[in-house]
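Thanks for coming, everyone. Let me put the structure up, and then we'll walk through the packing inside.

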Amino acid sequence: MTFFQLMRRNAWRKRLRAVLLMLSVGIAFLIYGLTASFVAGSQGAAGASDNLLGVFNKSGRGLPLPLAYLSGIAAEPHVAAVAYTAHMRGFVDVEKNVVAVSAVDPQAIAAANGKELGLTPDLIAALVEGDDRVLVGRALADAQGWSVGQRIGITSQMIRADGSRNWSFTITGIFEGADASTDTYFIIARYDAVNAARARDRDTVDAFVVRPRQGISPAVLATRIDALFANSAAETRTQSEKQFLEAFLRQFADIGLIVGFVVGAAFVTILMIAVNTMFFAVRERRFEIGVMKVLGFSGGRIVALILGETLFIFAVGGAGGLIVAKLATFLIGSEFGLVFGAAVLLKSAAIIAGLGLLTGLLPALSAMRLPIVHAFRTR
């Protein structure tokens, strides 16, 4: 019998106990997999860019900025590209089915943020074909069941010049995003068409999107941009995309703190249960451990055997929980922005190994120090 076979058989000695322990470990890693996928996805700030800047109204992100600021930002020598966007929120069919529309200049947004959004030249060319043309993100298109060429209607809080709140668009393309963590749950429309049709706030935008030149510090550029409009009627606050998302999420809750508490509580609980279970398992096998020492098993081999058992239990249970978490990211839907990628998998594997070794360490040391005479007294 090989060392691995002995380790595996010891782990399965009490099948019900092993299954329950693996199930507990699996639940803990299911929680971790989902929370880590949330943080790594488009609903979290982990995948956001530190290099792409957003210029907002200092008095509040919901307040507009004059479109005339564009020339001042573009004239800044450290700016590689600048775009602007006006946001429009509304719903499709029912009020709960909320969608967001970003009205932009197609060429400008392609230069400033086209790579991250996956805006190809063909998509930009299709967008400029008509005033009512829009591009839809892949996540939103899949969630709504939309396809290219389809006519969609949106009831928005933005009032049209004719007094109506109903906006109608034709889907001319679907953008995929650079990777799975890119937020694609929104619509891109043409700013000139939306601006001409709306009743209020014409020639204003909600934000400017700025890409610094190569080698320019985003923080330094942000300070320079804000200095351009200091003491003006609408002062600005410039932040990186990551800073903006972190601030936005903190309006609702400190996501990182909540995730840390939830995952930490789950792992501490599992650690206590697993350590207690392994101590009990070692006490049950004291006589066998004594026999192994008589047969020539060194203390190191006994430690390795018990550590191997805990690693086996954590590996099987953790793998099961992560598989369920991966499946859940597909079943929950792309609109939640969950991304179970390689980074989450590598961190999970490291945690499995660390908890497995930590759990088995004290029981293994106890077994190694067990005197043979004391072990034989159990019979």
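**Cores and rings**

Okay, start with Val 210: skip its neighbours within four places in sequence, and Val 210 is in contact with Asn 51, Leu 52, Leu 53, Val 55, Ile 73, Val 79, Ala 81, Val 82, Leu 221 and Ile 225, where contact means heavy atoms within 4.5 Å. Keep in mind this is a predicted model, with local features needing pLDDT of at least 70 and side-chain atom pairs counting only at pLDDT 80 or more, while totals for chains, interfaces and linings use all residues. Numbering runs from 1 along each chain as its sequence is written, and side-chain values use heavy atoms, leaving out hydrogens and water.

A second, separate core has 35 residues, including Leu 21, Ala 36, Ile 270 and Leu 307. By nonpolar core I mean a set of buried Ala, Val, Leu, Ile, Met, Phe, Trp, Tyr and Cys residues joined through side-chain atoms within 4.5 Å; buried is under 20% relative accessible area, with a 1.4 Å probe and protein chains only.

Now the rings. Rings of Phe, Tyr and Trp (its six-membered ring) pair if their centres lie within 6.5 Å; planes under 30 degrees apart are stacked, over 60 edge-to-face, and the rest tilted. That rule gives 6 aromatic pairs. Tyr 84 and Tyr 191 have ring centres 5.1 Å apart and planes at 85°, so they're edge-to-face. Both tyrosines, Tyr 84 and Tyr 191, are buried. Elsewhere, Phe 29, Tyr 32 and Phe 267 make up one aromatic cluster.

Methods:
Buried < 20%, exposed > 50% of the residue type's maximum accessible area, 1.4 Å probe, protein only.
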